[in-house]
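Hello,

Here is the structure I promised to pass on. Please open it next to this email, as my notes follow below.

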Amino acid sequence: MLSKSKLGDMVAAVNLVAFFLLLLLNITGARSCGVTSPFVRKPQPSVDLSLDTFPPPPGYNAPEQVHITQGDHDGRSVIVSWVTPLEPHPKFVTHWEANRKTKHKTHSMITSYKYYNYSSGYIHHATIKRLKYDTKYFYELGAGNATRRFSFSTPPKVGPDVPYTFGIIGDLGQTVDSNKTFEHYVSNSKGQAMLFVGDLSYADDHLLHDNRRWDTWGRFVEKSTAYQPWIWTAGNHEIDFAPELGETVPFKPYLHRYQVPYKASQSTSPLWYSVKRASAYIIVLSSYSAYGKYTPQYEWLKKELPKVNRAETPWLIVLLHSPWYNTNGYHYMEGESMRVTFEPWLVEHKVDVVLAGHVHSYERTKRVSNVKYNITNGLSSPVKDHSAPIYITIGDGGNIEGIANRFIEPQPSYSAYREASFGHAILEIKNRTHALFTWHRNQDNEPVAADSKWLFNRHWYPEEEDS
Ligand SMILES: [Fe+2]
């Protein structure tokens, strides 16, 4: 039998061990309450759909790869872009207001490019200006039996309590999985405009950067891009820098094909710019352009953030390609130098959410920042910060490179939810204080949200959300 004092010593020793174990767990961050989804995606090969999956539309020289984006800073213009394969004519778009007869013609600027052994068709960009807010328009391209008709709706006038719903997709590509993600999004009638976080066609994953893949991608997504604006962000698969092929102009195919209204936000490059839409102020950054001190992007963002008037556009959203916070082994810390450069500004200006792609899985963080570290003070861990954005990685479009399923274990405490599946998201802005974010994995029906989160606006309602 043990004496009372020996029993006491043993209890004390056990308590001491338990204390040190708890301390260790705290130090390693293993006491996380984030969720790593138990959903296991069935492994499937990711190959691109054959080149003839999305054939050109019928008719001689029929306009194809039609896509629209916002054409000015506050939503009263639309840039319509399309390709005519054989000749430049007709080079205009005709538009009219639904239920009205008066038609208007807008001429296009035409460009084309060569990439190694590829020559593009005639790429048209036409900016339709002075549209009415919150109005449906029809537009027509082409001529004769190759005439094609589409429609779009302009956003409501910019204002603090204007509800508006965005779709969010990243790293889409053109595989069977890409098609599932895309069709899943299209089946949801809620999305009014798309926030696309980069990596479009993945043409550069093919021999000689086969630029026919840019054409097939344009035809693949036309079902949505011709009818609602896609706000474009450039990813690494847009760079197409291939000196071995004699191609030394970065972003050549992307910049010829996808025009954005960068001058309207005083940007000097289409790779970073901003637009206001309904109650949102959207800032697009370029992970693959210089952003160090004194560079054009740095100087632009420094002036841009103070311009945001939260009384007019309460929701401040940043799009970029390479995530700043992510707990996947793939591309880990590639966004770190950009984070170090810009994160203090985003926290100071209370950005609501940062959307990124690049990592081919889904992840949502808690509100954290890591802005105190100065090399010598040792404060290198992210900490809870009510002024910080939520970071969402949504590079899970389903492209040719497959899923990123190497999560870092244990799950770091700043990670709220992560899952190695393909899908898309919807951001429903309700008013100046509340927005509902939902993530939809491809295996579920559209109404099912595998992850959802009510976002509280950082300017008007900076309360803590549940994780
Ligand atoms: Fe990427």
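In sequence, the donor residues of the iron ion follow the spacing D-x36-N-x84-H-x36-H. They are Asp-199 (OD), Asn-236 (OD1), His-321 (NE2) and His-358 (ND1), and they lie 2.1 to 2.3 Å from the iron ion. Donors here are N, O and S atoms within 2.8 Å of the metal (3.2 Å for Na, K and Ca); water is not among the atoms, so sites may look incomplete.

This is a predicted model: local features need pLDDT of at least 70, side-chain atom pairs count only at pLDDT 80 or more, and totals for chains, interfaces and linings use all residues. Residues are numbered from 1 along each chain as its sequence is written, and side-chain values use heavy atoms, with hydrogens and water left out.

Back to the metal. The four donor atoms subtend angles of 89 to 171° around the iron ion, which makes the arrangement irregular. The cut-offs: four donors are tetrahedral if all angles lie between 85 and 135 degrees; four are square planar and six octahedral if opposite donors are over 155 degrees apart and all others between 65 and 115; anything else is irregular.

Asp-199 is buried, with a relative accessible area of 0%. Asn-236 is partly exposed, at 21%. Buried means under 20% relative accessible area, exposed over 50%, and partly exposed in between (1.4 Å probe, protein chains only).

Now the helices. Helices (H or I, at least four residues) and strands (E, at least two) are DSSP runs, numbered from the N terminus. Eight of the nine residues of helix H3 (residues 212-220) are buried, so H3 is largely enclosed by the rest of the structure. Trp-214, Trp-217 and Phe-220 are among the buried ones.

In helix H2 (residues 176-186), the buried residues are Asp-177, Ser-178, Thr-181, Phe-182, His-184 and Tyr-185. Seen down the axis of H2, they fall within an arc of 160°, so they line one face of the helix. The arc is that of the directions from the helix axis to the C-beta atoms. At the start of H2, a side-chain oxygen of Thr-175 reaches to within 3.0 Å of the backbone nitrogen of Asp-177.

Which residues touch the most other members of the largest nonpolar core? Trp-217, Trp-232, Ile-282 and Phe-342 do, in a core of 87 residues. Apart from it lies another core, of 15 residues, including Val-66 and Tyr-139. A nonpolar core is a set of buried Ala, Val, Leu, Ile, Met, Phe, Trp, Tyr and Cys residues joined through side-chain atoms within 4.5 Å.

Next, Glu-363. Its place is in strand S19 (residues 362-365). At 1% relative accessibility, Glu-363 counts as buried. Its side chain makes a polar contact of 2.6 Å with that of Ser-415 and one of 3.5 Å with that of Asn-326. A polar contact is a pair of N or O atoms within 3.5 Å; within protein, one must be able to donate a hydrogen and the other to accept it, and residues adjacent in sequence count only if both atoms are side-chain atoms. The C-alpha atoms of Glu-363 and Tyr-417 are separated by 5.6 Å, with the two residues 54 apart along the chain.

Last, Ala-278. It is found in the loop between strand S15 (273-277) and strand S16 (280-284). Ala-278 is buried, with a relative accessible area of 1%.

Best wishes
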